[in-house]
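My plan is to look things up one at a time and jot down what I find.

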Amino acid sequence: MNKPISPAISAARSPGLRIRPARIALGVMVIFLLFPLTKNDYWVVNLTQLMVYGIFAMSLSLVWGYGGILCFGHAVYFGMGAYIYTLIVKGMLPGFTGILGTGIMALITAISGVALFAAVIGYFLFYGRLSGPYLGIVTLAMAVIAERIAVDWYYIGGYNGLFSIPPFSIGGYQFIDPLALFYLVLSAAIAVYLLLTHVVKSPFGIILRAIRDNEPRAESFGYNSARHKIITFVIGAAVAALSGVLFAVVTEFVSPTLIGFSLSTEVLIWVALGGKEVILAAFLGALAVRALEAWLSELMAYYWLLFLGIFFVIAVIYFPRGIFGSWLADRYEHRIKGRS
Amino acid sequence: MADLIIQILNGLNFVLVLIMVAMGLMIIFGLMNVINMAHGEFFLLGAYTVVVTNQIGLGFWPALVLAPLAVGLIGMFIEYVCIRHLYQRPLDTILATWGVSLAIKQLIIIFFGPAGLTVSPPLPWMISVAGINYPAYRLFIMTVALIIIAFTFYIFLRTDFGLGARAVIANRDMAATLGIDTRRMYRTTFTFGAALAGLAGAVMAPIMSCDPQMGLGFFIPAFLSILVGGTGTLYGVLAGGAIVGGGDSLFSYHYSPVIAQVVIFSLAIVLIRIRPQGLLGARNNE
């Protein structure tokens, strides 16, 4: 095999070449920061929700695009985060009162609870050496079952879910104003973006990509691939939980559809269409598909999902790197053809 | 006592149909390395073939022939327009077939609506043996499933095609260098697997409510059966189907369907942690 130098290594050698995507990211950030100046309230509210999905998509980008873990049940973490947060702030979880019942503590509990759950699941999956398609279907089964549990569990609202979640507050300030929510979610999105880019660029991220591209080789260098995958899985789950909490904060309701099959596969489509190997591309993919869906599903009704399915198949066959992915990627980050 | 026997028979019924679906999935996966996410939708299409023949007044029986034919042809078409382009990227086939499954499900919703449809049972009488009454149609399903399973085993263990197919499963490149036309074999296999799922859907249609989500309800246990039983061998599917299907029926009867799913899923995960190659599978390091 006369492969060129591994893309991970060449990227590590020449950090200067990463300026281009960083500039684009900065540009996107500035556009979002200044957006409320347009005084378009409808889109401010809309964008707040879209950014929540964008954060969710970024978490899957790390897990799938960089970790090579095809996760068909990522919404389980999103939904679990939303449910745990909601149960705590509504005072429905015994023992979580007083300081433990505040928004911040609920947020932290939700994220750490989900991370712990992901660590347990990951331990079984990755030390069971499950990979590729197997992993996809097992996580899919997880999503379907989680949804059925949520539907059947009367205590957490059953089929109808939970409503009238009290607003998120920090030190007495309540996030009710749409603009305040917009900036809350935006700052979370920026923080997540910076965190994930840092993870991806760190030595850990480079090892991760080495495992993704050639697992036996990375293992023969002495890296514990299962442990790296579990850590990635946990980070991805924690970020997904954060986006779930933000969803509960913004929309003030949670329902079983958040935890199940359809959202899991939707996020997969956003990320695949956006570009799974570039975190910003995944974020933009989520925004683009959701915005398009809001517009076209009125026009096309049932035909929208048919169109999306067919378009997705075409994209998988002809644009495996996604629509924004090829545009935003480093020149030196091209994947080895034939691997995914 | 009579109750228990009826429950066992119902469980057996589920197990046999599950094995039928899982065998198609396994053959496609073993041979082509393709996880066919649209397999549940092939089942769905088979069931809706029955709905169509009922609506145009042909009744149930023609569907028994039409369903595998139609679904097989659809499978062949999908292999030609979509999967054929992805043999070099096996992991992407899971995404592409998932897109196909989404499109098929949506087409069904466009044509038949999202609500469940019922089909009148074709053999509406009971058979009673030793004081136990059991629906004749369910016995018919079991007979069909048994015949199809035996037929599949015959094809794979006793015919030239089966020999070639097993060679491809064992070592794809070696089989190709020995002159086996793997591309043609892929197409045949995919068509055959789709037809199996279509037939399974058709025979199950009269005892289920046909709704656009019914495919997923069979796809997941079918896949778990393969996972538990191990890939690469048809006997693995038998064992896996018996454990997953039997366990599911048992726990559904004693507790609830949700608890059954959770228990089976947890068991499957723990099992693959202990025995990654499945119960009967041979370790295949690719």
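Below are my entries on confidence, the interface, the salt bridges and one serine.

**Entry 1: confidence**

I noted before anything else that this is a predicted model. I looked up pLDDT for chain A: the average is 83, and 90% of the residues score at least 70. Where is confidence lowest in chain A? I found it in helix α1 (residues 7-13) of chain A, with a mean of 48, while helix α10 (residues 225-251) of chain A is highest at 94. I also marked two stretches of chain A where pLDDT stays under 50: residues 8-19, with 16 contacts beyond four places in sequence, and residues 331-340, with 24 such contacts.

**Entry 2: where A meets B**

I checked the contacts and got 40 residues of chain A against 42 residues of chain B. The two chains bury about 4000 Å² between them, and 80% of that is on carbon and sulfur atoms. A:Y134, A:I137 and A:Y302 supply 15% of the area chain A buries against chain B, more than any other three residues.

How many salt bridges are there between chain A and chain B? I got 0. For polar contacts across the interface, the rule gave me 2 residue pairs. Next I asked which elements give two or more residues to chain A's side, and the list is α5 (103-127), α6 (132-152), α11 (261-274) and α13 (303-318) of chain A. The largest share, 13 residues, comes from α6(A). Sorted by class, chain A's side has 31 nonpolar, 6 polar and 3 charged residues.

**Entry 3: salt bridges**

I searched the whole structure and got 6 salt bridges over all chains. In one of them, A:E215 pairs with A:K229, with the closest N and O atoms 3.0 Å apart. A:E215 sits in helix α9 (residues 215-220) of chain A and A:K229 in helix α10 of chain A, so the pair ties together parts 14 residues apart in sequence. Buried or exposed? I checked A:K229, and it is buried, at 9% relative accessible area.

I then looked at B:E79 and B:R187, whose side chains meet at 3.1 Å, N to O. B:E79 is in helix α3 (residues 61-81) of chain B and B:R187 in helix α8 (residues 182-204) of chain B, so this pair links parts 108 residues apart in sequence. B:E79 is buried at 1%, whereas B:R187 is partly exposed at 30%.

**Entry 4: one serine**

I picked B:S101, found in helix α4 (residues 90-112) of chain B. B:S101 counts as buried because its relative accessibility is 2%. Leaving out residues up to four places away in sequence, B:S101 touches B:M37, B:A38 and B:E41.

Conventions: Residues numbered from 1 in each chain as written. Chains lettered and ligands numbered in written order. Heavy atoms only, no water. Contact = heavy atoms within 4.5 Å. Buried area = accessible area lost by both parts, 1.4 Å probe. Salt bridge = Lys/Arg side-chain N within 4 Å of Asp/Glu carboxyl O. Polar contact = N/O pair within 3.5 Å; in protein donor to acceptor, adjacent residues only side chain to side chain. Helix = DSSP H or I, 4+ residues; strand = E, 2+ residues; numbered from the N terminus. Nonpolar A, V, L, I, M, F, W, Y, C, P; charged D, E, K, R; others polar. Buried < 20%, exposed > 50% of the residue type's maximum accessible area, 1.4 Å probe, protein only. pLDDT = per-residue confidence, 0-100.
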